[in-house]
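Me: Hi! Could you walk me through this structure with me?

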Amino acid sequence: FTQAWRACESAMGSVTGERTEVHRAFAHLALDCGRADAATTQAGKVLARRSDDADAHLVMAVALLALGRSGSALEHARKAAEAPRVLPKHGSRVALGRALADEEKPAEAVEVLRRVLAKAPGSPHASLALARALRQLGDEKGAQETLAKVDSQLGEGKSRLVEFLLDPKGT
């Protein structure tokens with residue numbers, strides 16, 4: 001990652017004019033490489049120029065969740081989910097559900113995540129976030145059923161999420 005990042009930074013020096021799309025690309029690259037800190041910096045540069053940019057708000061929300069800053073993540077996830085845009089809202093609504101759960105609002109998270117799954121059945125990200133929120137509400141059965149649906153999509157011979165997530169030590 002470090003070498004690729006340095007090469008990108010070096011190349012950025014030759015970019016003339018508007019750099020918003022370059023910062024957007026860097027934000028996604030950083031997020032994909034597990035560099036949430038760098039992703040927030042780059043997404044922040046996009047938002048400084050375009051405060052209503054839904055994609056930058058989504059990247060910021062996901063990165064802030066990774067950094068454990070759920071309050072700020074919730075703010076950006078809401079902006080991403082509520083923004084009028086052409087892109088699908090699936091990812092921003094999953095981030096919103098995760099942020100709500102992190103902010104101890106599992107009932108709201110469940111509502112958001114169930115809407116996601118109604119439009120995108122089988123989404124593993126939404127399903128995992130929903131299972132977590134259901135567990136926060138004390139609904140172990142609902143959490144198990146949600147994870148079982150993901151397991152059924154994995155097929156035979158794959159690891160069982162229900163068993164691993166609910167009892168990761170295998171006891």
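Me: What comes after α2, and what is its phi like?
Reply: α2 is followed by Gly34, and the phi of Gly34 is positive, near 80°. Helices here are DSSP runs of H or I with at least four residues, numbered from the N terminus. One caution: this is a predicted model, where local features need pLDDT of at least 70 and side-chain atom pairs count only at pLDDT 80 or more, while totals for chains, interfaces and linings use all residues. Residues are numbered from 1 along each chain as its sequence is written, and side-chain values use heavy atoms, with hydrogens and water left out.

Me: OK, which residues of α2 are buried?
Reply: Thr20, His23, Arg24, Phe26, Ala27 and Ala30. Buried means under 20% relative accessible area, using a 1.4 Å probe and protein chains only. Seen down the axis of α2, these residues fall within an arc of 165° (taken from the directions from the axis to the C-beta atoms), so they line one face of the helix.

Me: New topic: where is His76?
Reply: His76 is in helix α5, residues 70–82. Its relative accessibility is 13%, so His76 counts as buried.

Me: And which side chain does it have a polar contact with?
Reply: That of His57, at 2.8 Å. A polar contact is a pair of N or O atoms within 3.5 Å; within protein, one must be able to donate a hydrogen and the other to accept it, and residues adjacent in sequence count only if both atoms are side-chain atoms.

Terms used
Buried means under 20% relative accessible area, exposed over 50%, partly exposed in between (1.4 Å probe, protein chains only). Helices (H or I, at least four residues) and strands (E, at least two) are DSSP runs, numbered from the N terminus.
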